[in-house]
Amino acid sequence: ATAIHAGKGNYYGKGHIDQINYVFLSEFIRTESFYTPVEAGNSAPWLLKGLYTKEKRIGQSVAAAYVASFSGVDSKDSFASCVSFALALLSMLVFVLGRTLALPYGLSIVAAIWAALSPAMTKIGLEGFFSQVESIFVYSFILVWAASAVRLSARHVALPAIALSFQFVTYTESFLVSVVLFVYAVVYLIFRLGRGAALAGAVSLTVSLLLVPAYLFHASSFITDQYTVAAAASNRLEALAGDAGTLVAWSRSLIVFPLLPANVAYSLSILSAIGMIILCCAALMTSSMRRRGLIALAVAAPWLFLSYLLASPSFLRYPFWKLIDSFSFLWIILILLGLARSALAVRWLPRQTALATVTGIGALFSLLAAASCIGQHRNAMLRPGILAILNSPAFVSAIDFADRHPERTYFIREFDGGIAAWLSYHARKSTTYANVPGLSDIPLAAGQFQFQKEVP
């Protein structure tokens, strides 16, 4: 909704640095040689981000670069489309997973819509967490793979290997979660298909790493850096997580009650959380033994890490929030599955009436979830703070002029690193000079680069 309102060239989500960094890296991959030397940044300020991060996780930016090239636009214009496609892919997999777990057809559609439009996914998309939103489908894909496998073929070995490899180069810090989930899925398949599943799983996991051999040398240092940042508990990251780790936060990641007084909405969130937990337990206890094993293993994988975070002496809300929201699709399926099983257990209620009733209730849940996101989209569309500048007539006119006149020479003088970065991006085809203290999250010392010294 925000992207449609803003237009493809003026979409900035919530205006955070993350989107700038992903767009710059994507455009670097799309237009420049991977082996471009660092010295090239002396005369082209927009190249700095790509030059500094090209050996870190780039899977999401490679995908975005392909989308931009095939669409005939640049990486900034294709950013919102990539986010929308990732959510659509998640939605399709949620539908398939729901049907595999015997969720009725109508409720599977509701689950697919709810998962894509949930407050959790809306926030991840608008915050510009591109790596997370692009790779979030991998968790649901692994579960679909395990639930639908009836025999082990080359395809059943290759597909999870490709998905895991994509996760590894896209959202490296969560790769271990995917590996644990995959190992649990293989254990499930061993009981179903025999010990050959263990060999197939080992081959898939090995191939997933061999598909990206060059990245293996950089992954460990990148993960170390990311975990160091997370452990530092920076105020910005912890603020984004809100009250993560509480029942209210979990409930509000799935459904919110807009237009109600704060105290009423808070009470309803607590009651909703308790009700949803009961429905999740009902889904587990009323499933067949085969499906019960898969559900239990699917829930155990994220909770292995969530329990560790909760038990840590200094509880960090940010990684907890990122992980529990990544599995929001699973909680949604279990809630609806528990709702359906509870309704069908009412013997005096005809089956078709029970299914129609729970489908209506599920649809109401998804509508409330979608409606609860209006506030997030409205804030982005009202353009507070830096968004007001990025969407001001003066800024839009400046970047439009730079796009239409690449033959001109431009001089950037701006103290905000984000605004300066976007200006340099639109002047990337031109000779550009910049007197700025930083670009995006890259601090610049005075006279550090030629584009700072050779100011006309």
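The model is predicted, so local features need pLDDT of at least 70 and side-chain atom pairs count only at pLDDT 80 or more, while totals for chains, interfaces and linings use all residues. Residues are numbered from 1 along each chain as its sequence is written, and side-chain values use heavy atoms, with hydrogens and water left out. The structure holds seven salt bridges. A salt bridge here is a side-chain nitrogen of Lys or Arg within 4 Å of a carboxyl oxygen of Asp or Glu. Helices (H or I, at least four residues) and strands (E, at least two) are DSSP runs, numbered from the N terminus. Buried means under 20% relative accessible area, exposed means over 50%, and partly exposed lies in between (1.4 Å probe, protein chains only).

**Salt bridges**

- Side chains of opposite charge can pair when their charged atoms come close.
- Asp 441 pairs with Lys 49 in a salt bridge, with the closest N and O atoms 2.7 Å apart. This pair links distant parts of the chain, 392 residues apart. Asp 441 sits in the loop between strand E3 (438-439) and strand E4 (442-443), and Lys 49 sits in helix H3 (residues 48-53).
- Glu 173 and Arg 57 form a salt bridge at 2.6 Å, N to O. Glu 173 lies in the loop between helix H10 (154-170) and helix H11 (175-193), and Arg 57 in the loop between H3 and helix H4 (59-71), so the pair ties together parts 116 residues apart in sequence. Both Glu 173 and Arg 57 are buried.
- Glu 407 bridges to Arg 408, and their closest N and O atoms are 4.0 Å apart. Glu 407 is exposed at 56%; Arg 408 is partly exposed at 41%.
- Glu 27, Arg 30, Asp 74 and Arg 428 belong to one network, joined by salt bridges that share partners.

**Nonpolar surface patch**

- Leu 159, Ile 162, Leu 199, Val 203, Val 207 and Leu 211 make a nonpolar surface patch of about 500 Å². H10 and helix H12 (196-210) are the elements that give two or more residues to this patch.
- H12 supplies the largest share, three residues.
- Patch residues have over 30% relative accessible area and no salt bridge; like charges are joined within 9 Å, and nonpolar side chains (Val, Leu, Ile, Met, Phe, Trp, Tyr) within 5 Å. Accessible areas come from the Shrake-Rupley method with a 1.4 Å probe; for residues, only the protein chains shown count as cover.
- Leu 211 is in the loop between H12 and helix H13 (216-231). Leu 211 is partly exposed at 48% relative accessibility.

- Helix H17 (residues 289-311) packs against helix H19 (residues 328-344) at an angle of about 140 degrees, their axes 11 Å apart. Axes are lines fitted to C-alpha atoms, for helices over the stretch in contact, and angles run from 0 to 180 degrees between N-to-C directions.
- From H17, Ile 295, Ala 298, Val 299, Pro 302 and Trp 303 meet Leu 330, Trp 331, Leu 334 and Leu 337 of H19. Contact means heavy atoms within 4.5 Å.
- Helix H18 (residues 317-326) is mostly covered, with eight of its 10 residues buried. Among them are Tyr 318, Phe 320, Trp 321 and Asp 325.

- Met 121 is in helix H7 (residues 119-126) and is buried, with a relative accessible area of 1%.
- Met 121 and Asp 325 are 204 residues apart in sequence, yet 7.5 Å apart in space, C-alpha to C-alpha. Leaving out residues up to four places away in sequence, Met 121 touches Leu 87, Leu 90, Ala 115, Ala 116, Ile 136, Asp 325 and Ser 328.
- Ser 208 belongs to helix H12 and is buried at 1% relative accessibility. Beyond residues up to four places away in sequence, Ser 208 touches Ala 161, Leu 164, Ser 165 and Phe 175.

**Positive phi angles**

- Ala 102 is not a glycine, yet has a positive phi of about 70 degrees. Ala 102 lies in the loop between helix H5 (75-100) and helix H6 (105-117) and is partly exposed at 30%.
- Ser 440, also not a glycine, has a positive phi of about 55 degrees. Ser 440 lies in the loop between E3 and E4 and is buried at 13%.
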